[in-house]
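Let us take this model by question and answer. Look over the sequence and the fold first.

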Amino acid sequence: KVATGFHRNSMVNEEGGVDPEEFRIAAIINRVETTSKAWLGLTMNCAQCHSHKYDPISQREYYQFFAFLNNDDEPMIEVPSKEQQARRAEILAGVKKIEDDLRANDPDLKNRQAAWEKERSHESIKWEVLDPSFYYGSVGAKFDKLADHSLLAGGSKPPVSSYTVQVKTKLTNITAFRLEVLTDPNLPHNGPGRAENGNFVLTQFSVQAVSPDGHTNDVKLQNATADFSQPDFSITNTIDGKDDKKRGWAIDAPGGLLNQDRKAVFETKDRIGYEEGTTLIFTLAQLYGHDHTIGRFRLSATTREEHPIKADPLTRELREIVDLPVEKRTPEQAQTLFSFYRTLDPKCAEANKKIEALQKEWPAADTTLILAARAEPRVTHVFQRGDFRHPLQAVRLVCPRFCRRCLKARR
């Protein structure tokens, strides 16, 4: 994996006015040229724009090779030393021993967890994902809209920013909004933030509702909840109306638990939505500084009438485990669920303190940049005259047959 970092040595452009896609393409073109010259002994770059009569490589074949490097994410991974790996293993073993002792010495613990799971199984809320029609980031942040309607920040990485997202919806009687901050392999440590460790600080979250005739109302929010908040960075800070740069919502957690999906829910004081349709304008102010902006996020709304409407305390993984019958859970799933439950059980407080102390000793490791295959491959096109703004026919990745043996056979 570390060796694939060779390809990450291409030029990058993080200026405020940059088009992220333009310079992503430029980086891949650079990788194609470098790879072909260094490892294949070929100059392929002329075929970027057109086929040459006597060149063994056609323009189509160039983009088939281009497709190989176009179908990668650009993550950052940790490269812990042997000593750090050993220390991490000791910490994990220490945590497991404390948890094993908890279950062995408390015969009622299993029953309490079962009762808690039964209550959690009835907490499902129907959310409708909102599809952004307009989005903008201040101070140079740019976005890619992904297939799941989430927005992935790219371009420059400003120290502070404010994201504006506009959506149109036919929903009426909206009672709450949900903000999901999502991990992505193209963010530092998978995000979900853009800070060096993958964290962020959301200073203020606000919403406006625009009627079909253009009348704009500020939506009053209340009862903000999150599945997790960093100490002293509660989600409630985001609706208090104070643009305090040193306060907001953040999600740092010890023991390597920072880099995972999180969510926050904001109830509305009044029901929102016009019969003829509503334009919603969301503003996510992030004024903390030090690149602590959100990397990827998604917005949803619900019309649920029962209150309170709270953020599901369970992650997607934990929700799937809770919904599984006990007898169908793997030992790993059972352990994962217990590790979460014991943090909520008052009778486990002493053990939790010991575990938290251990997790704070988790050693941070150096990082390196790599390439990794995308879960969803991009569609690669031949570019007319090599211009990414003029895609022609799609091509798929095949063996390029560019090694000397194949070229000699073809001649």
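Colleague: Is Trp 39 buried or exposed?
Modeller: Relative accessible area decides it: buried is under 20%, exposed is over 50%, and partly exposed lies in between (1.4 Å probe, protein chains only). Trp 39 has a relative accessibility of 61%, so Trp 39 counts as exposed.

Colleague: What kind of model is this, and which atoms do side-chain values use?
Modeller: This is a predicted model: local features need pLDDT of at least 70, side-chain atom pairs count only at pLDDT 80 or more, and totals for chains, interfaces and linings use all residues.

Colleague: How many aromatic pairs are in the whole structure?
Modeller: Rings of Phe, Tyr and Trp (its six-membered ring) pair if their centres lie within 6.5 Å. Planes under 30 degrees apart are stacked, over 60 edge-to-face, and the rest tilted. A search of the whole structure gives 16 aromatic pairs.

Colleague: Which residue forms an aromatic pair with Trp 39?
Modeller: The pair is edge-to-face, at 5.9 Å centre to centre and 70 degrees between the planes. It links parts of the chain 33 residues apart: Trp 39 is in helix H1, and its partner is in the segment before H1. Helices (H or I, at least four residues) and strands (E, at least two) are DSSP runs numbered from the N terminus. The partner is Phe 6.

Colleague: What is the relative accessible area of Phe 6?
Modeller: Phe 6 falls in the partly exposed class. This is because its relative accessible area is 33%.

Colleague: Which residue pairs with Phe 143?
Modeller: This aromatic pair is also edge-to-face, at 6.1 Å and 85 degrees. Phe 143 sits in strand E5, and its partner, 154 residues away, in strand E14 (residues 296–302). Both partners are buried. The second ring belongs to Phe 297.

Colleague: How many of the twelve residues of H2 are buried?
Modeller: The buried ones include Gln 59, Phe 65 and Leu 69. H2 is largely enclosed by the rest of the structure, because the buried count is ten of the twelve.

Colleague: How far apart are the end C-alpha atoms of H2?
Modeller: The expected span of a helix is 1.5 Å times one less than its number of residues. H2 has twelve residues, so it should span 16 Å. The model agrees, with the end C-alpha atoms apart by 16 Å.

Colleague: Which helix gives the most to the lining of the largest cavity?
Modeller: On a 1 Å grid over the protein atoms alone, a cavity is a set of points where a 1.4 Å probe fits but cannot get out, and lining residues have an atom within 4 Å of a point. There is one cavity of 30 Å³ or more, and Arg 24, Ile 28 and Arg 378 are among its lining residues. Helix H1 (20–40) and helix H2 (59–70) each give two or more. The most, three residues, come from H1.

Colleague: What is the volume of the largest pocket?
Modeller: A pocket is an open set of points with protein on both sides within 12 Å along at least five of seven lines. Points are joined across faces, edges and corners, and a volume is the space filled by probe spheres set on the points. For the largest pocket that is about 1400 Å³.

Colleague: Which element gives the most to the lining of the largest pocket?
Modeller: Of the 41 residues that line the largest pocket, those closest to its centre include Arg 24 and Asn 186. H1, strand E1 (72–73), strand E5 (141–145) and strand E6 (151–155) each give two or more. With six residues, the top giver is H1.

Colleague: How many disulfides does the count come to?
Modeller: A disulfide is a pair of cysteine sulfur atoms within 2.5 Å. The count is zero.

Colleague: Which cysteine sulfur is nearest to Cys 46?
Modeller: Cys 46 is in no disulfide, and the nearest cysteine sulfur is 8.2 Å away. That sulfur belongs to Cys 49.

Notes: Residues numbered from 1 in each chain as written. Heavy atoms only, no water.
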